[in-house]
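Good morning, and thank you for joining this group meeting.

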Amino acid sequence: MEKVYWLDKIKLQDRAKVGDKAFYLSRIMQRGYPVVPGFVISAEVLRQFLETIKSSESLVADLPDSSLHLDVANWRQLQQVASRLRQEIIAANVPPQWVSTIFAATKEWQTKYLILQPTLSVFQTKQDIGNTSGLLEPIFCACDEDAIALGLKRIWNQLFRARSLLYWQRQGIDLQNVNLAVLVQPMQNAIASGSIHANVSGWTIESTWGLGVALNRGEVLPDVYYIQQETGIVLERHLGNKLLAYRLDDGTTGTAQPPLQSILTDENTCLVAYLLPEERQKQYALPEANLQQVIALGNQLVSELGKNFTVQWSIAEADVVSHIHITEVNTPLATVPNLNLIKGLGAATGKVTASAYVINSLQKPEQIPEGVVLVVPTIAPDWLGLMQKVVAIVTVQGGLTSHAAILSRELGIPAVVSAKDATVLIQTGEKLLVDGDRGEVYRLRDSKARNQENPEIISPVPSVLFHHPHLSSQPPMIATQLMVNLSQPNLIERSQTLPVDGVGLLRSELMLLNILEGQHPHNWIMSGRRSELLELWTQQVINFVRAFTPRPVFYRALDWRFSEFSSTYTPSSATHSILGDRGTLSYLNNPAVFDLELTALLNVQKAGYSNLRLLLPFVRSVAEFSFCRQKVEQIGLTQMSQFQLWIMAEVPSVLFLLPEYVKAGVAGISIGTNDLTQLLLGVDREQGQLTKIFDERHPAVMGAIAQLIQMAKSADIPCAICGQAPALYPEIIDKLVEWGITSISVEPEAVERTHYAIARAEHRLILAAARRHMSQP
């Protein structure tokens, strides 16, 4: 633990580390509103703590990297797992230096008590995670080192309660994407606590005696006031049913009544509940002066938060003047001070603050400024030259496997896709913060905000709860081959030093965009420029095979959906088709371009490179493959013994035809999960609003992958996977390794975490085998 994050200094880029509750409180506090001072112990600290737990049980030992996909219908198993995890957390020791750092930070408050509050952030979800107050509750503790250490562990272990695990799994949210930080604030007794619920029709103020615990737990019916927002007039008031109240256990109850017998768990030992005298039960918790304080606070907040918000407040005990403080802010995200937030899907990691450049047309512009955030309805592959000039991308359309997403991940720039109305809401020149991790775009609205947030490119911030540290210079040995997906020559130098076994997917159509001058290869041939294109094509491929020699480079032949290239040759039969005559079918319809492509590959071989392999894309039938194989043999590529001809396993017919493909000469298959998922589930991968349906983890898709791996084993050919699934959902790597995948190929930015995930999966298999062997008589 390097530091704590003080509320008055939290910045936009800290949100993933400090969680939403602390983030919103910090924004209000920095605007001058009354918030009790405090600091945040970041979500990264929980990850570090989990890594300190030493256990012989694989369930506990793997906790920092596990998604904990449990059978939530098996309630007994869920309870057992949750109980075991929580016991391990409570039994573990928080490093003393961490506790000392936290305790030292609290000394300036000179307080006897603290409140530790869970503050969450969730990655890669467009849905509202809802009210989690029943899942994660605050802990009250004494301000001493032992109490702080225990309080932290009691906050952290709430994440692994049975009801918490059930909630996240049913919400479809991977536990790796849930970050839990802890907000620490000094605590003192309160005269009254409550909330303001504001909407366009008016306000509702609720209040009760003492701390807000009884109200939050539903143990009292609060006093209720209905307020006319425009005038602040109290339209109605209703006395609640307030039998009890809570205060800090300082040896008194503030009444003549004895404390109630404890009804609290031992997690809140410094709280005491007490019965209210009958006369106080008949009184409103807010005297008129205090009620006007709350109304005045609400009026001020309208100018900051708009007409729809909820805040919780507390009025502290004081000798002379009572002080009101905001304890929580819940508001539509777009109304956070200085911000306007547009929510989409995080498609490529990283954060960038820069000016927007908005394009409302689908037509590709001639040029755009460098260093801007490109905001556009959608992106076709022939926009690649423009993408290399920008620092981030925001698209209205597109999913996690859209071209905008794939290209952004390869180029290493943040991207948010499926950001509804982005081109309408954002104006060119506006300052934006693009958060590719969370799928959010912040509009920094006024000059003060611009000055406060330094424009900068921020390193990618993965899910910090379970993110494994960077691999060491000597990463763990793995048996499964790890390869990289590439298309851009300017990424070769950086990628060739990664711990990979070669290039598992060289996307030829994206590689060629750098040289085609906006024209389809057919146009080059028809205009008499065949030889010129052949030379350029050959050199492009040589750039990759030379850098990775002797490691293999799997070159995927051209796979264009012609309608995506408005400026290129487009057969009339494919103009309005989603699939067009993609893949090998296009080679039958236009053999001249395929012949040129194969000739370029032959020239690479003639230049002395033997590490080139050929992947045929989108193969629909054995007849298509046989046509292509005949072309390959006629050109002479098979004369080099190391050459191999593979197919992409992405059209579902391969599940029935693989033995026939092998008989016809297929040397290996590479599973393309993007198209396989699209065709199995009947979902267009470019439609971001269908993200919940387009899921490579769907049982039908996982079943198809398992079947392909098994069929490849039976046919004694290698089976690789090069789609986006392993990078987007690292938890499926366990299954891939268990089933016997030969190699996994991912974008450069995902290599390190995939390497570690493979090592962990292989280690589990070895441990399981050893345990089975030891259990045998």
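This is a predicted model: local features need pLDDT of at least 70, side-chain atom pairs count only at pLDDT 80 or more; totals for chains, interfaces and linings use all residues.

**A barrel and its core**

Leaving out residues up to four places away in sequence, V604 touches T538, V541, I542, V545, Y609 and L612; contact here means heavy atoms within 4.5 Å. Residues are numbered from 1 along each chain as its sequence is written, and side-chain values use heavy atoms, with hydrogens and water left out.

Let us stay with V604. This residue lies in helix α20, residues 591-606. Helices (H or I, at least four residues) and strands (E, at least two) are DSSP runs, numbered from the N terminus. Is V604 buried or exposed? V604 is buried, because its relative accessible area is 0%; buried means under 20%, exposed over 50%, and partly exposed in between, with a 1.4 Å probe and protein chains only. V604 and N543 are 61 residues apart along the chain, and their C-alpha atoms are separated by 9.9 Å.

I now turn to the barrel. Eight strands close into it in the order β23-β24-β25-β26-β27-β28-β29-β30, with parallel pairing. Two strands pair if DSSP finds at least two bridges between them. From one strand to the next, the twist averages 30°; axes are lines fitted to C-alpha atoms, for helices over the stretch in contact, and angles run from 0 to 180 degrees between N-to-C directions. Helix α27, residues 751-775, packs on the sheet and touches β23 (481-486) and β30 (743-746). The direction of α27 makes about 160° with that of β23.

Finally, the core. A nonpolar core is a set of buried Ala, Val, Leu, Ile, Met, Phe, Trp, Tyr and Cys residues joined through side-chain atoms within 4.5 Å. Which members of the largest core touch the most other members? Of its 116 residues, they are W537, L614, L616 and I669. Helix α18, residues 530-548, supplies the largest share, nine residues. A second, separate core has 50 residues, among them M1, A92, V94 and I139.
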